[in-house]
Amino acid sequence: MDESPLDTAEAAPHASAVDSVAVVGAGSIGIAWAIVFACAGRRVQMQEVDPARREIALGEAKSKLHELEAGGLLREPIATVLSRISVSGSLEEAVAGVGYVQECIIENLEAKQELFARLDALTPRDVVLASSTSTIMASRFASDLAGRDRCIVVHPANPPYFLRVAEIVPAPFTSESTVSTTSELLASSGLAPILLKQEIEGFVFNRLQGALLREAYCLVRDEIVTPVELDTLVREGLGLRWSLIGPFTTSELNTRGGLRRHGEVLGPVYARIGIERAQEDPWTPETIEQVARAVENSLPHRSWEDNVRERDRGMIQLSSLLKHFENPLTYHRTD
Ligand SMILES: NC(=O)c1ccc[n+]([C@@H]2O[C@H](COP(=O)([O-])OP(=O)(O)OC[C@H]3O[C@@H](n4cnc5c(N)ncnc54)[C@H](O)[C@@H]3O)[C@@H](O)[C@H]2O)c1
C-alpha cells in the first residue's frame, strides 16, 4: 500500500473475491464506507431503518463525491460511482447476494447483538459480518451466534475515504479466512488494514488518541496551556509531522544515534512524567530494541543522515503542498 494519500478514492479496481457489499446504517460512517467501496468498483447495498435518513442518504453520498471530484480525487464520473449504491429499508434486500456486510448502526451493545443475530440467520456462512464499532468487541456481540467465526470488527478512522487505515479486530473465535478476506477487501479498496493480534478495549487508534487526550486534559486543567493553544500545538507541530512519519520513526530520526539513544536520553524523562500521572510503565530495553530494529528495517537507507534527509525532503514537499491551503477551521469568529 504505497499510493499517495490523495489516491484514496482512486483505489485500484478490486482484486478481492468480494464484488458486492451491504452497509447497514446510513449515518456518517455508513455513507463514508459506501463511498469507499463504490469508488473501488463494488456494488453497495445500504440498509437504513430511519425513512428520513433513507431519503437523504444518496444525496449526501453525491455531495461528498462532488467534493472528492472537485479535489481531483475521483477516478470515475460521479454518476458511475453513485449508480453502484442503493438504499433500502429491508435488511433481507440489502444482504441478498453480497459477500461482505459492514455494520454501521448506533453504538449500542443490544442493538448490535440483535442485528448480528439477524445477519447470521439471513446470510450464507461464507459472508463476512463486520462491525464498524469504536468500542465494542466482537466477543461481546457475536459469541452466541452459530456463525460467530465470520464475525469481526473493522474499525475505520473517520472518514475512511480520507484516512486510509482501518483496524481489523478478530475475536478469539473469528476464523483466519474471515481475517484474510477482510484484509484483502480493505487493501483492494485503498485502505491499509491494521490487524490487531487480540481484542483490547479501545483498540489501538483510540488508545493512542486517549493517551494524548488524557495528558491534554491534565495540561488544560492545570492551566499550563489553553485548549486552543493545545490544539494549535498538535495541529501545527506533532500532527503535521505525524502525517509523514509515525511517533517511532520520529524518535529514530530526531536523535543522533536513533531510537536506542532516544530511549537512553528521553526514556527516564518520559518515565518520570508517567509516574507523575500515576502510570509507572517505563520503556524496557527489550521493547526499545524491538522497535529500533523494526523501524531501521522499514526506512529506505542504512545511514541515519540519509534517512533524516528524506524526512526533511518529505516535510518540504508537504509544506509546499500546504502553502496555499487555507484551513477553514482556524478562522476566528467575528460575531
Ligand atoms: N463517527 C465516528 O467518528 C466513528 C468512527 C469510527 C467508527 N464509528 C462507529 O460507526 C458506527 C456508526 O457511527 P455513526 O457516527 O455513523 O453514527 P450515526 O448516528 O451517524 O449513524 C447511525 C445510523 O444507523 C441507523 N440505525 C440505527 N439502528 C439501526 C438498525 N438496527 N438497522 C439499520 N440502521 C440503523 C441510524 O438511523 C443512523 O442513521 C458506530 O458503531 C460508531 O461507533 C464511528
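Tutor: We will take the labels in turn and set each value against its cut-off. Keep in mind that this is a predicted model.

Student: What makes cysteine 39 buried?

Tutor: Its relative accessible area is 4%. Buried means under 20%.

Student: Is cysteine 104 buried or exposed?

Tutor: Buried. Its relative accessibility is 11%, and the limit is under 20%.

Student: Why is helix H1 called largely enclosed?

Tutor: H1 has 12 residues, and 10 of them are buried, so the rest of the structure largely encloses it. Among the buried ones are Gly30, Trp33, Phe37 and Cys39.

Student: How do you know what span to expect for H1?

Tutor: Take 1.5 Å times one less than the number of residues. For the 12 residues of H1, 28–39, that gives an expected 16 Å. From first C-alpha to last, H1 reaches 17 Å, close to that value. Just after H1, glycine 41 has a positive phi of about 90°.

Student: What does the record say about this stretch?

Tutor: An unreviewed UniProt entry annotates residues 20–40 as "transmembrane region". In the model, that span is 57% helix and 24% strand. Its end C-alpha atoms lie 11 Å apart. Take the label with care, as annotations may be inferred rather than shown by experiment.

Student: What makes a group of residues a nonpolar core?

Tutor: Its members are buried residues of listed nonpolar kinds, joined through side-chain atoms within 4.5 Å. The largest such core here has 38 residues. Trp33, Phe37, Val44, Leu65 and Tyr100 touch the most other members. H1 gives the most to this core, with nine residues. There is also a second, separate core of 25 residues, including Leu109 and Phe203.

Student: Which residues does leucine 65 contact?

Tutor: Leave aside neighbours within four places in sequence. Then leucine 65 is in contact with Ile35, Cys39, Leu74, Ile78, Val81 and Leu82.

Student: What makes phenylalanine 203 stand out?

Tutor: Phenylalanine 203 has a positive phi of about 55°, although it is not a glycine. Most residues other than glycine have a negative phi. Phenylalanine 203 sits in the loop between strand S8 and helix H8. At 0% relative accessibility, phenylalanine 203 is buried.

Student: Is glutamate 223 buried or exposed?

Tutor: Exposed. Its relative accessible area is 71%, and exposed means over 50%. Glutamate 223 lies in the loop between H8 and H9. Glutamate 223 also has a positive phi, about 60°, without being a glycine.

Student: Why is arginine 241 called partly exposed?

Tutor: Its relative accessible area is 27%. Under 20% would be buried and over 50% exposed, so a value in between is partly exposed. Arginine 241 is in helix H9, residues 227–242. Beyond residues up to four places away in sequence, arginine 241 touches Thr250, Asn254 and Met315.

Student: Where is the cis peptide bond?

Tutor: It joins asparagine 158 and proline 159, with omega about -5°. Most peptide bonds are trans. Proline 159 is in the loop between strands S6 and S7.

Student: What makes threonine 178 buried?

Tutor: Its relative accessible area is 4%, and the limit is under 20%. Threonine 178 lies in helix H7, residues 176–187. Leaving aside neighbours within four places in sequence, its contacts are Val128, Asp149, Arg150 and Ile152.

Student: Which domains does the chain have?

Tutor: The domain assignment gives domain 1, 5–195, and domain 2, 205–322. Their C-alpha centres lie 32 Å apart. Separately, the unreviewed UniProt entry annotates residues 202–261 as "3-hydroxyacyl-CoA dehydrogenase C-terminal". That stretch is 75% helix and 0% strand.

Conventions. Residues are numbered from 1 along each chain as its sequence is written. This is a predicted model: local features need pLDDT of at least 70, side-chain atom pairs count only at pLDDT 80 or more; totals for chains, interfaces and linings use all residues. Side-chain values use heavy atoms; hydrogens and water are left out. Helices (H or I, at least four residues) and strands (E, at least two) are DSSP runs, numbered from the N terminus. Domain bounds come from an automatic or database domain assignment. Buried means under 20% relative accessible area, exposed over 50%, partly exposed in between (1.4 Å probe, protein chains only). Contact means heavy atoms within 4.5 Å.
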